[in-house]
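Student: I've got a new structure to look at. Can you walk me through it?
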Amino acid sequence: QVQLVESGGGLVQPGGSLRLSCAASGSGVSIDAMAWYRQAPGKERELVASITSGSTNYADSVKGRATISRDNAKNTVLLQIDSLKPEDSAVYYCNVRYRRFGVGPLGSWGQGTQVTVSS
């Protein structure tokens, strides 16, 4: 199984930036894709951005403001969102799709980190 450790988030002013990090660890693990999702109160969890070895994908709500990147050597994914809006407030979750000793694909979620955009 993959263990995910998230960091970043907190209280950010509108117009500011946030940077979230997620580190994956586990023996025999080969990661296919990494992504960030978010869930606001009363809403469904939604994809924010994802990255594979060859491509990135962004939700329309963050396109042009978000950048997702990956450090393959460290199995880490970073998400930066600029020009934050109050509607970006949510719990952000890291997600990975991986294979373990060749078995998969499997999935794992982080514990979530709260992001609040408010003055």
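Student: Which residues touch the most other members of the largest nonpolar core?
Tutor: This is a predicted model. In it, Trp36, Val48, Ile68, Val77, Leu79, Ile81 and Tyr92 touch the most other members of that core. The core has 30 residues.

Student: Which strands supply at least two residues each?
Tutor: β3 (18-25), β4, β5, β7, β8, β9 (90-100) and β11 (113-117) do.

Student: And which one gives the most?
Tutor: β9 does, with five residues. As background, nonpolar side chains tend to be buried together in soluble globular proteins.

Student: Back to Val48. What is valine 48 in contact with, leaving aside neighbours within four places in sequence?
Tutor: The list is Trp36, Tyr37, Arg38, Asn57, Tyr58, Ala59, Val62, Leu79, Ile81 and Tyr92. Among them, Trp36, Leu79, Ile81 and Tyr92 are also on the list of core residues that touch the most other members.

Student: OK, strands now. What does β4 pair with?
Tutor: Strand β4 (residues 29-39) is joined to β5 by five bridges, and the two run antiparallel.

Student: What about β5 and β6? How many bridges there?
Tutor: Three bridges join β5 to strand β6 (residues 56-58), again antiparallel. Isoleucine 51 has threonine 56 in β6 as its bridge partner. These two strands also form a hairpin, with four residues between them.

Student: Where is serine 50?
Tutor: Serine 50 is in strand β5 (residues 46-51).

Student: Buried or exposed?
Tutor: Buried. The relative accessible area of serine 50 is 18%, and buried means under 20%, so serine 50 falls inside the cut-off.

Student: What is serine 50 in contact with, past its neighbours within four places in sequence?
Tutor: Met34, Ala35, Ser55, Thr56, Asn57 and Ile68. Thr56 is the bridge partner of isoleucine 51. Ile68 is one of the core residues that touch the most other members.

Student: What stands opposite isoleucine 68?
Tutor: Leucine 79, in β8. Six bridges join β7 to strand β8 (residues 76-81), and these strands run antiparallel.

Student: What order do the strands take in the open sheet of four?
Tutor: The order is β1-β3-β8-β7, with antiparallel pairing.

Student: Which strands are at the edges?
Tutor: β1 (3-7) and β7 (66-71). Each pairs on one side only. From one strand to the next, the twist averages 15°.

Student: What holds paired strands together in general?
Tutor: Strands of a sheet pair through backbone hydrogen bonds, either parallel or antiparallel.

Student: Change of topic. How many disulfides are there?
Tutor: The count comes to one disulfide. Cysteine 22 and cysteine 94 form it, with sulfur atoms 2.1 Å apart.

Student: Where are those two in the chain?
Tutor: Cysteine 22 is in strand β3 and cysteine 94 is in strand β9. They are 72 residues apart, so the pair links distant parts of the chain.

Student: Why is the disulfide called left-handed?
Tutor: Because the torsion about the S-S bond of cysteine 22 and cysteine 94 is about -85°.

Student: Is each cysteine buried or exposed?
Tutor: Cysteine 22 is buried, with a relative accessible area of 0%. Cysteine 94 is buried too, at 0% relative accessibility.

Terms used:
Residues numbered from 1 in each chain as written. Predicted model: local features only at pLDDT ≥ 70, side-chain atom pairs only at ≥ 80, totals over all residues. Heavy atoms only, no water. Buried < 20%, exposed > 50% of the residue type's maximum accessible area, 1.4 Å probe, protein only. Contact = heavy atoms within 4.5 Å. Pairing = 2+ DSSP bridges. Axes fitted to C-alpha atoms, helices over the stretch in contact; angles between N-to-C directions. Core = buried A, V, L, I, M, F, W, Y, C linked by side-chain atoms within 4.5 Å. Disulfide = S-S within 2.5 Å.
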